[in-house]
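Biologist: Could you walk me through this model? I'd like to start with the core and then look at some helix packing.

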Amino acid sequence: MKAMTMWNEKYETMPREELHALQLIRLKKVVRLSYDNNIHYRNKMDAAGINPEDIRSLDDLTNLPFMTKDDFRATYPLGMLCVDKKQLREMHMSSGSTGVPVVMAYTDDDIAQWAECMARCYYMAGINQGDVIQITPSFGLFNGGFGFYHGARMAGLFIIPTGAGNTPRQIRLMKDFNVRALMGVVSYGIRIMEILEEQKTDLPDLKIGIFGAETFSNSMRKKIEGGLGIETFDIYGMTETGGVGTTGMDCPAHEGIHVWEDQYITEVVDSQTGKPLPDGSTGEVVLTSLTRSAIPVIRFRTRDISWIQSREKCICGRTHIRIGRITGRLDDMLIIKGVNFYPSQIEQTLMSIPGVGNNYQIIIEEKDGIKDLRINVEVEPGVTGFMVEKHLKEALGFSPKGDVFKSGELPRQEGKAQRVFYKKGD
Ligand code: DLL
């Protein structure tokens, strides 16, 4: 691990007792802000029999009610605003599968908070002032493009804001402007690798990739690192916490994702009971934003699956908690032939088979109420469906159906890749 600088050493290396003291001050403040300024938060706290005075220690956090995406949806568009609307400067939105969007609005301070979190991520990845970066997530309602942008402005980087799509042009720009670091959704790293292979070219100046927004298995990470000749970082964030990078990234030690603890409190709870789990146990990540004002989240149930990996000081020098890489979303769990599994387990298995490509589809076929699994995957010549099936059977305990395709035959999408498809039979 090489020596590196930090964007905000004072906060990033703050001793844990001081961090806890700061968290308590900030928690009290955000509970007070939301209780006093928004009826939705107040009604929920009243119903749970708790009010701002009851927050005396960090342990009192668990007495506060949870928030979920439903709170955002029920109050669409701005029913959870805790500040005057005139203070708003920007918004982002995610639509998800149910249709009613989740809106996050930002004051000037909220944008500065986002930029601070992102600037820390850039420096943590070894990207410093004056470095050339290319931002490939889309600029728009999706928070990806603008989040990388706000942070890069704060960190003093030279930004090439391509947004999504037109991969050959992206590659030309990366070459012409000697881009050192690339930002993207995980599947876009793969798309770039494919076009580089087609063009029989490489990107000698590219050294760093920051990827996120989708599960990022270790085998996929190795493929991208090998294919592009770069070091990659796994960046975490979501619309509700304020966007990409707000909830951290892994450091060069790659031993878990540091969540910025002066900005967020992380809990991992049992998704059935809502009770906090001991460190190391896998459960649902719950996040509380301590420093956001337009729409703060208090005990927001992310549906993301992870565990508290460490509270020890990291070898990078940072004291902030580390969670494991997100292995999936609770909503994505599949149950087929009595076996429970997540799409990320299929990806992990596929990527570990030599000669299997990076693009695959998980198709759930349902006939007469019975679900079956079909896996379509691109492979190199010589790899047969039988070989793929054998590995999947070992991992899942049953043999899915499936076909193998030549590289480039399965459809590609812009933005987050859709891996799981549902098909109803007659
Ligand atoms: O995906 C924010 C983002 C943009 C992160 C670009 C990284 C890069 P949403 O569209 O609101 O925001 O989706 C948030 O995406 O709850 C996770 O399920 C998933 N997700 C985000 N980052 C990761 C990651 C953006 N590093 C939802 N690993 C989250 C796995 C991730 N899943």
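Biologist: How many residues does the largest nonpolar core have, and which have the most contacts inside it?
Modeller: The largest nonpolar core has 72 residues, and those with the most contacts inside it are Tyr122, Ile127, Ile133 and Ile210. A nonpolar core here is a set of buried Ala, Val, Leu, Ile, Met, Phe, Trp, Tyr and Cys residues joined through side-chain atoms within 4.5 Å, where buried means under 20% relative accessible area with a 1.4 Å probe, protein chains only. This is a predicted model, in which local features need pLDDT of at least 70 and side-chain atom pairs count only at pLDDT 80 or more, while totals for chains, interfaces and linings use all residues. Residues are numbered from 1 along each chain as its sequence is written, and side-chain values use heavy atoms, with hydrogens and water left out.

Biologist: Switching to α10, is Thr349 buried or exposed?
Modeller: Thr349, which sits in helix α10, is buried, with a relative accessible area of 12%. Not counting residues up to four places away in sequence, Thr349 touches His391, Leu392 and Ala395.

How values were computed. Helices (H or I, at least four residues) and strands (E, at least two) are DSSP runs, numbered from the N terminus. Buried means under 20% relative accessible area, exposed over 50%, partly exposed in between (1.4 Å probe, protein chains only). Contact means heavy atoms within 4.5 Å.
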